[in-house]
Amino acid sequence: MHTGVKITAFAAALAATFGTAYGVGKGVDPVVAPAAHGGHAAAPDAGAAASVPGGLQVSEAGYTLALEPSALTAGAPGELRFAITDAHGRKVTAYEREHGKELHLILASRDLTVYRHLHPVRGADGTWSAPVELPKAGDYRAFADFTPAPPVGGKGRGKSLTLGADLAVAGAYRPAALPAPSRVAEVDGYRVELSGTPAPGRPGELTLRVTRGGTPVTDLQPYLGAYGHLVALRAGDLAYLHVHPHEGPAGPEVSFTATAPSSGAYRLFLDFRHEGKVRTAAFTVHAH
């Protein structure tokens with residue numbers, strides 16, 4: 001799977017760009033500036049506006065996200081299985097590692113009220129699997145963010161990709177309206193405040209500030225190689241934004257630079273880790 005937000009006090013990569021991160025002390029791996037996610041250019045170029053946003057295509061550059069048939073039911077434990085296949089239909093088994101993982105899997109409901117960032121396990125044959133339990137029935141989109149390794153003897157890195165495929169979850173379904181725009185999210189006693197707005201066709205900075213009980217959180221823990229991970233999805237078709245984290249201190253602010261592919265409503269999901277647990281803060285914003 002595959003533009004800025006600062007955490008100075010979880011937020012590390014659903015797509016916009018965010019802040020500068022430093023190590024949080026002895027015994028903790030240093031945080032480095034993460035590489036761009038699949039489907040997101042590190043910097044805008046002349047052809048960026050004309051390119052298809054990440055996550056809208058099931059196949060790109062000869063690779064396909066192949067979901068295996070699944071019988072997922074709302075409220076019940078299940079398993080999602082899938083593979084990335086190449087132009088010859090073979091399952092891909094070699095990947096570049098990004099943010100500490102070979103592949104990142106995101107699930108989001110079409111109404112953007114449910115979001116899951118999963119960590120699937122790859123079998124030797126190239127089949128990925130992940131346990132999942134989704135709270136509500138309906139239509140979902142699965143996003144695989146990855147960079148295939150170059151062929152043996154090849155040079156440089158492969159192209160980072162974000163592929164998307166539809167997924168149905170059985171059960172009684174009542175679609176929900178997109179949550180109202182908000183600059184503040186409350187989760188498990190934490191308050192996350194968002195500053196900045198993604199701009200269509202040009203990079204804009206987003207800053208997320210994390211506090212708890214009115215006190216700035218300054219000891220965020222690394223999650224996927226950074227102090228914050230942000231996923232941004234466009235309402236309607238669930239296109240990924242261009243999102244990239246900046247380096248930065250361990251809170252209370254985390255910074256990203258985001259480029260929206262168009263004007264409209266977006267749902268932002270920020271993952272951050274503190275005291276050993278990853279939490280997700282969600283926001284609705286309008287790019288204009």
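How many bridges join β5 to strand β9 (residues 138-148)? Seven bridges join them, and the two strands run antiparallel. The model is predicted: local features need pLDDT of at least 70, side-chain atom pairs count only at pLDDT 80 or more, and totals for chains, interfaces and linings use all residues. Residues are numbered from 1 along each chain as its sequence is written, and side-chain values use heavy atoms, with hydrogens and water left out.

Strands are DSSP runs (E, at least two residues), numbered from the N terminus. Two strands pair if DSSP finds at least two bridges between them. Strands of a sheet pair through backbone hydrogen bonds, either parallel or antiparallel.

In β9, R141 is the bridge partner of A108. Strand β5 also pairs with strand β6 (residues 115-118). Four bridges join these two, again antiparallel. Here L107 has R116 of β6 as its bridge partner. β5 and β6 form a hairpin with five residues between them. In the turn, L112 has a positive phi of about 65 degrees.

Strand β5 (residues 103-109) is largely enclosed by the rest of the structure, because seven of its seven residues are buried. Buried means under 20% relative accessible area, exposed over 50%, and partly exposed in between (1.4 Å probe, protein chains only). Both faces of β5 are covered. L103, L105, L107 and S109 are buried on one side, and H104, I106 and A108 on the other.

Aromatic contacts were examined next. Rings of Phe, Tyr and Trp (its six-membered ring) pair if their centres lie within 6.5 Å; planes under 30 degrees apart count as stacked, over 60 as edge-to-face and the rest as tilted. The count comes to seven aromatic pairs. The rings of Y63 and F146 have centres 6.4 Å apart and planes at 75 degrees, so this pair is edge-to-face. Y63 lies in strand β2 (residues 63-67) and F146 in β9, so the pair ties together parts 83 residues apart in sequence. F146 is buried, with a relative accessible area of 1%. F143 and Y240 also form an edge-to-face pair, with 4.8 Å centre to centre and 65 degrees between the planes. F143 is in β9, and Y240 is in the loop between β16 (229-234) and β17 (242-245), 97 residues apart. Both F143 and Y240 are buried. Ring pairs link Y63, F82, Y95, W128 and F146 into a cluster.

Three strands form an open antiparallel sheet in the order β16-β19-β20. Its edge strands are β16 and β20 (277-287), each pairing on one side only. Eleven bridges join β19 (residues 264-274) to β20. L268 stands opposite F283 in β20.
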